[in-house]
Amino acid sequence: MEEKRERANIAELFGENVFGDRVMRERLPKAVYRRVREMMTEGYELEPAIADSVAQAMKEWAVENGATHYTHWFQPLSGVAAEKHDSFLSGVDSEGRALLEFSGKNLVRSEADASSFPSGGLRATFEARGYTVWDCTSPAFLRKEGDCVTLCIPTAFCAYAGEALDQKTPLLRSMQALNREALRILKLFGIDDAKWVKPSVGAEQEYFLIDREKYLKRKDLIYTGRTLFGSMPAKGQELDDHYFGVLRKRIAAFMRDVDMELWKLGVSAKTEHNEVAPCQHELAPIFEEANLAVDHNQLTMEILQKQAGRHGLECLLHEKPFAGVNGSGKHNNWSVSTDTGLNLLNPGKRPHENQLFLLTLACVLAAVDTHADLLRLSAANVGNDHRLGADEAPPAIISCFLGSQLEDIVAQIIETGRASSSLSGKSLETHVDTLPNLYADVTDRNRTSPFAFTGNKFEFRMVGSGDSIASANIVLNTILAEQFRLAADRLEQASSVKETAWELIRELLTAHQRIVFNGNGYSEEWVQEAARRGLPNLKSSIDAIPAFTSKKAVELFSAFGIYSETELKSRSIVAYENYAKRINIEARAMINISGKQLIPAAIHYVTRLATSVNQVKSACSAADVSAQEDLLLRASELLSDMKRSREKLQSDTDLAASIQDPAARAAAYHTQIVTDMRILRESADALETVIDKDLWPLPSYGDMLFEV
Ligand code: ADP
Ligand code: MG
């Protein structure tokens, strides 16, 4: 029987579980509401009385909606959101009635044990104090798990001395820096009505969905999020028949529930479609200001995983769950706009005359060229090492795609100091009388570029699917703030802002044109060309991590108050530790699975073959048993290879784990352990193709990818 489903009315559902503007206006005293709005947009100090009033309204709203607990919700450096739950219960009155309390203090600040989160040495266990602090610019929301309803308050997480232990604090700092410098530029261009400038972000999220029962039979997926073993099935993604294909019923039902839940949380999930790989999908929201986009992407990942469970599915957010098929990433669409609706990256109808746009563009190119290493680092993680530089993903080299129109304008400016025309779009003839002719975009797409201009925004395509998008946006905001600052410093001294701005645009474009590349980013020629241009090619996370603490990075981040040198050092240590820990888990999982499941299965198989050879021979001595014997020989060989490489992996892992220095330990995992793991996998995967399917203990790639 068809399950009865809740009917969706987006307008009614949207934001139902959010303590957002509408609820605040209804429930807060007028003066308090006004103050909170001012605080959100202009960043005033919060007075205790206001905090008390907001807390009171928030609690009443939450309790009316069934909430029993509240939590400060934050994003520590472990990569997953964290929370500590407290109930609203504060005591019992003389008549035995429960007293509920949630004060301004509870709302604004909470203490969390900082020593249990990664801090890269910022916190020792004996100096554990850390604080979560309310971020009033991201609305509180209700999380509903069956009957259990919790009020979640987005917060920043800092150590006792104020160092950031999370992603939100530096993100907010970077937005502040960008706002300050961009307003200076706008003022120089005579735009005085803008109160603020903020980055807007829309993150397209890719993920895989597989059957949960199969998932539960694979310890590698459970422990590491990816398959550590598995040979390719006869069919992969070569037919491209999954991309944008019709959604199957089970998947469509899942997506609908994801949308509904996200809408209730005020996340504007907009498009959902199948991706390139079998059982790979994508969800894109409508863009919003960066801080909300980061929080909402975190929530999106959580909801995808939760809803998958309800549909008997498992959502894999790992960057490369299956070797040999496309991995998953996140496209971070980014632009910079004012409260008055002016997008600095909007070229308008006559881009060659739009000086503010061209200056912004020149600043972005200068920023990306100067700090390509930091941008690359912002997308570095263990899982993403399988994508970046591999076939389907953007290469590990940062470059910018501009498209034909802007490329032409840039060339004109470099040559003459001005551009006198813009290429225009063309009309597209369908040659079918009943189809309308279309107006084609001025520029085609380039899917191979890691940083592509797409109409009125840049799309940074390197971010890993399981990662927070915070790091990428922290870097983007800060490096643009730096170029805006340099530009404003110069323009403020100029006798003619217009003339000097043209000079500056030309200088920046000339100096940084090497970062522009419109060709095929996946080709080998580009790797060589990029080397000739002197662009960094940081092939793995381990190569990228030193960028955290380079002199250039320390100067940049401390000049804008984003990270102190101490914070940068701590982040690089966290990155090294995280790398080593994750590879260590993968190695141990491989040792375990091969020892407990694969080797026994192989022994079983060879024994079965040997018995069969003996039995056939004794029944009929003339029978040809060469087929069985060949198989027996091959399987025994692979079995002994597997045993040997497993032992090597085991002893090398023990050795790597004992290295004290975080950078040296991570390097050992990167060079030695990753290689050992590859070798062990080769023998196991070869065995899988030889052994009877009913004896192989792990669901195969074919089972997982094509039976959802
Ligand atoms: P594409 O198909 O080119 O990848 P879409 O128009 O589907 O682009 O948008 C992809 C993502 O980019 C969506 O999340 C969308 O909301 C976001 N986006 C669109 N315009 C902007 C913008 N000006 N700034 C930031 N993100 C944007
Ligand atoms: Mg895109």
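Biologist: Why does glutamine 205 count as buried?

Modeller: This is a predicted model, so every value is computed from it. Glutamine 205 has 24 C-beta neighbours inside 10 Å. The cut-off for buried is 20 or more. Glutamine 205 therefore counts as buried.

Biologist: Where does glutamine 205 sit, and what is it in contact with?

Modeller: Glutamine 205 belongs to strand β10, residues 197-211. Setting aside neighbours within four places in sequence, its contacts are Glu282, Leu283, Asn297, Thr300, Lys330 and Ser465. Serine 558 is 353 residues away along the chain, and its C-alpha atom is 32 Å from that of glutamine 205.

Biologist: What does β10 give to the shell around ligand 1?

Modeller: β10 gives 4 residues, the most of any element. The shell has 15 residues, and Gly202, Phe287, Asn333, Ser335 and Lys457 come nearest. Elements giving two or more residues to it are β10, β12 (280-285) and β15 (330-338).

Biologist: How does that shell divide by class?

Modeller: Around ligand 1 there are 6 nonpolar, 7 polar and 2 charged residues.

Biologist: What makes alanine 164 buried?

Modeller: Alanine 164 has 24 C-beta neighbours inside 10 Å. Against a cut-off of 20 or more, alanine 164 therefore counts as buried. Alanine 164 lies in the loop between β9 (148-159) and α6 (168-188).

Biologist: Which residues does alanine 164 touch?

Modeller: Not counting residues up to four places away in sequence, alanine 164 touches Cys158, Thr169, Pro170 and Glu567. Leucine 77 is 87 residues from alanine 164 in sequence, and their C-alpha atoms are 9.7 Å apart.

Biologist: Why is α14 called mostly covered?

Modeller: Of its 24 residues, 18 are buried. Each of those has to meet the cut-off of 20 or more C-beta neighbours within 10 Å.

Biologist: What makes α11 largely enclosed?

Modeller: 13 of the 16 residues of α11 are buried, so the rest of the structure largely encloses it. Helix α11, residues 355-370, reaches 22 Å from first C-alpha to last, close to the 22 Å expected.

Biologist: Which residues have the most contacts inside the largest nonpolar core?

Modeller: Val54, Ala362, Cys363, Leu365, Val368 and Leu480 have the most, in a core of 192 residues. Helix α19 (residues 565-619) gives the most to this core, with 16 residues. Valine 54 is in contact with Leu28, Val32, Val36 and Leu107, leaving aside neighbours within four places in sequence. In soluble globular proteins, nonpolar side chains tend to be buried together.

Biologist: How do you know that the radius of gyration agrees with a compact globule?

Modeller: With 708 residues, a compact globule would have a radius of gyration near 27 Å. The protein has 28 Å, so the value agrees. Its C-alpha trace spans about 100 × 85 × 65 Å along the principal axes.

How values were computed:
Residues are numbered from 1 along each chain as its sequence is written. Chains are lettered from A and ligands numbered from 1 in the order in which they are written. This is a predicted model: local features need pLDDT of at least 70, side-chain atom pairs count only at pLDDT 80 or more; totals for chains, interfaces and linings use all residues. The radius of gyration is taken over C-alpha atoms; the globule rule is 2.2 Å times the number of residues to the power 0.38. A residue is buried if 20 or more other C-beta atoms lie within 10 Å of its own, exposed if 12 or fewer, and partly exposed in between; C-beta atoms are placed from the backbone. Two residues are in contact if their C-beta atoms, placed from the backbone, lie within 7 Å. A nonpolar core is a set of buried Ala, Val, Leu, Ile, Met, Phe, Trp, Tyr and Cys residues joined through C-beta atoms within 7 Å. A residue is near a molecule or strand if its C-beta atom, placed from the backbone, lies within 6 Å of it. Ala, Val, Leu, Ile, Met, Phe, Trp, Tyr, Cys and Pro count as nonpolar, Asp, Glu, Lys and Arg as charged, and the others, Gly among them, as polar. The expected span of a helix is 1.5 Å times one less than its number of residues.
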